[in-house]
Amino acid sequence: MSTHGDTPAPGRRDVPRPDGRLAPEDLRSHQWYGSDISSGLRSFSHRARTRQLGYLPEEHLGKPVVAILNTWSDINPCHVHLRERAQAVKRGVWQAGGFPLEFPVSTLSETFQKPTPMLYRNMLAMETEELLRSYPVDGAVLMGGCDKTTPALLMGAASVDLPTVFVPAGPMLPGHWRDEVLGSGTDMWKYWDDRRAGLIGDCELSELENGLARSPGHCMTMGTASTLTAAAEVLGVTVPGASSVPAVDSGHERMAAESGRRIVELVWRDLTLSKILTADAYEDAVATVLALGGSTNAVIHLIAMAGRSGIPLGLADFDRVARTVPVLADLRPGGRYLMEDFHFAGGLPGFLSRLTDVLHLDRPTVAHDTLREQLEGARVHNSDVIRERDNPLATEGGVAVLHGNLCPDGAVIKHIAAEPRLLHHTGPAVVFDDYRQMQRTINDPALALTPDHVLVLRNAGPKGGPGMPEYGMLPLPDYLLKQGVRDMVRLSDARMSGTSYGACVLHIAPESYVGGPLALVRTGDLITLDVDARSLHLHVPDEELARRRADWTPPPARYERGYGALYLDQITQADTGCDFAFLARPGEVPDPYVG
């Protein structure tokens with residue numbers, strides 16, 4: 001079995017049957033179970049232990065064994081309903097004649113896991129890969145949705161290359177406070193700044209706590225979770241319309257059951273993930289993310305996912321596609337509406353029906369022979385939410401890729417969520433060496449910050465964070481908020497939440513912790529951001545930068561042992577997806593020995 005899915009999984013015939021479908025003896029699980037009582041000691045043991053689980057042989061022998069990888073947890077509010085949804089998936093598998101087995105896997109709770117769940121994305125990917133490889137399963141249903149779980153599950157599954165269906169957790173219900181509809185994350189930042197500016201008090205803040213997150217499900221803005229589940233749908237690994245079904249809607253349970261039925265058919269057809277996750281599929285995912293005005297985090301994750309599929313994808317691809325697609329989704333944080341509005345406006349099928357000229361329509365999905373067939377009959381029911389092509393929210397995709405002497409390997413900015421006046425800006429830098437220093441000093445009047453300053457945070461990248469935390473939406477000082485200032489140019493090697501907004505330049509590569517140019521910036525240096533020119537420039541002569549580099553000392557290691565040490569040793573930079581080098585590289589992995 002290959003890390004990039006270029007060899008067949010164990011147990012499959014080299015010569016397909018005339019009807020293109022597997023026979024029971026072709027199933028991968030047949031290696032473990034066999035079919036007759038004399039097929040070997042190991043098969044005898046496996047069957048006996050399956051009886052120990054309470055199953056009769058006729059319940060599983062000769063049937064597709066489906067692994068349900070569930071990221072449910074009591075401390076992950078985005079996934080707290082997935083325990084029940086797994087039962088719906090099982091129902092669908094049973095109905096279709098398969099044999100479901102649920103596997104608990106790591107939960108990556110965006111809210112609670114510190115220093116950042118991004119530190120553990122690759123751990124879940126590795127867990128997914130090894131579970132699917134080492135157990136007697138013929139296909140997989142992946143259950144996730146909170147930011148890092150979607151890419152982690154798909155990265156691991158792509159490295160194993162079994163038939164796979166993804167079940168998105170779904171967005172939570174819209175938030176409410178007094179007479180306002182709230183978007184999780186986006187309105188949290190907005191009202192927290194209002195509190196710091198003295199516009200609301202503790203009473204209002206307490207009410208907002210009750211109204212921001214009203215149900216299970218991930219953020220209902222076009223944040224990282226919604227962006228990546230939409231990407232999964234356009235990639236073709238979900239049933240149609242799955243990515244926007246609200247988590248608590250009865251349609252979500254029906255979608256889960258349909259996913260269970262679908263995976264059984266995919267196993268019999270031997271439609272593995274590598275046949276779905278093609279170069280065309282990834283290009284369509286890039287176009288969709290950009291036309292949605294999606295999260296900047298999708299850049300990192302899609303690059304990493306494509307790498308696991310053996311597909312070259314880089315920052316240049318995002319910038320190239322961004323210049324060809326408009327932003328059609330009027331969704332927060334760049335627009336006005338929320339995911340429930342998007343769902344009832346037509347969801348992703350309706351949205352994609354307005355992008356067919358830029359999509360590869362003849363590629364397969366898990367539900368249809370072609371994406372073209374999948375989109376037949378798709379309609380948009382509200383053109384305020386999903387705009388017409390001649391009335392876009394923005395004429396170019398929602399993320400711009402920058403280069404310059406401050407980011408030789410690239411950086412990104414979600415410019416549709418920034419104040420337009422800042423998209424061409426020159427100002428003096430104010431440098432913070434780490435996030436804690438910034439928190440301690442941002443309100444110090446001695447800094448004498450003005451709206452023209454450029455806030456610079458370093459040592460917040462993949463190694464420096466550690467884990468590249470979502471520090472990129474640097475807070476503005478209280479005294480500027482009270483003057484009505486709500487945006488400034490901010491630069492970092494960090495990420496930011498997909499629900500965030502502002503003129504925040506992110507993912508600067510190489511990061512400062514490894515000696516990237518960001519490490520050499522000093523307070524007072526002039527920096528120019530020019531989004532139209534896709535440029536980020538530090539106005540310091542090369543000779544002076546060389547002197548500063550000679551004086552630069554690498555910071556001490558963040559971890560001396562354990563998973564953190566492995567992470568620091570193997571993590572790649574943002575422009576290449578922040579995968580582990582030993583997982584991202586091509587190469588074969590031996591099949592498990594069963595006999």
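This is a predicted model: local features need pLDDT of at least 70, side-chain atom pairs count only at pLDDT 80 or more; totals for chains, interfaces and linings use all residues.
**View 1. Pro 333 sits in the loop that runs between helix H14 (315-322) and helix H15 (339-344).** The bond in question goes from Arg 332 to Pro 333, with omega near 10°.

**View 2. Another cis bond turns up at Lys 114 to Pro 115, with omega near 5°.** To find Pro 115, look in the loop between strand E2 (99-104) and helix H5 (121-134).

**View 3. Helices H9 and H12 cross with a right-handed sense.** H9 covers residues 224-235 and H12 covers residues 279-291; they pack at an angle of about 140°, and their axes are 9 Å apart. On the H9 side, the residues in contact are Thr 227, Ala 231, Val 234 and Leu 235. H12 answers with Ala 281, Tyr 282, Asp 284, Ala 285, Thr 288 and Val 289.

**View 4. Asp 270 isn't a glycine, yet it has a positive phi of about 55°.** Its spot is the loop between helix H10 (250-269) and helix H11 (273-276). With a relative accessibility of 16%, Asp 270 counts as buried, because the cut-off is under 20%.

**View 5. Asn 459 also has a positive phi, about 60°, without being a glycine.** Look for Asn 459 in the loop between strand E10 (454-457) and helix H19 (478-481). Its relative accessibility is 19%, so Asn 459 still falls under the 20% limit and counts as buried.

**View 6. Ser 512 is buried, with a relative accessible area of 1%.** This serine belongs to the loop between strand E12 (504-506) and strand E13 (526-530). Setting aside neighbours within four places in sequence, Ser 512 is in contact with Arg 458, Asn 459, Asp 493, Leu 518, Ala 519 and Trp 552. Asp 433 is 79 residues away along the chain, and its C-alpha atom is separated from that of Ser 512 by 9.6 Å.

**View 7. Zooming back out, the protein chain has 22 helices and 14 strands.** Its radius of gyration is 25 Å, close to the 25 Å that the globule rule gives for 595 residues, so the chain is as compact as a globular protein of that length. The C-alpha trace spans about 80 × 55 × 45 Å along its principal axes, and 60% of the residues count as buried. Of the contacts between residues at least 6 apart in sequence, 76% join residues at least 24 apart.

Conventions. Residues are numbered from 1 along each chain as its sequence is written. Side-chain values use heavy atoms; hydrogens and water are left out. Axes are lines fitted to C-alpha atoms, for helices over the stretch in contact, and angles run from 0 to 180 degrees between N-to-C directions. Helices (H or I, at least four residues) and strands (E, at least two) are DSSP runs, numbered from the N terminus. A crossing is left-handed if the near helix is turned anticlockwise from the far one by less than a right angle, and right-handed if clockwise. Contact means heavy atoms within 4.5 Å. The radius of gyration is taken over C-alpha atoms; the globule rule is 2.2 Å times the number of residues to the power 0.38. Buried means under 20% relative accessible area, exposed over 50%, partly exposed in between (1.4 Å probe, protein chains only).
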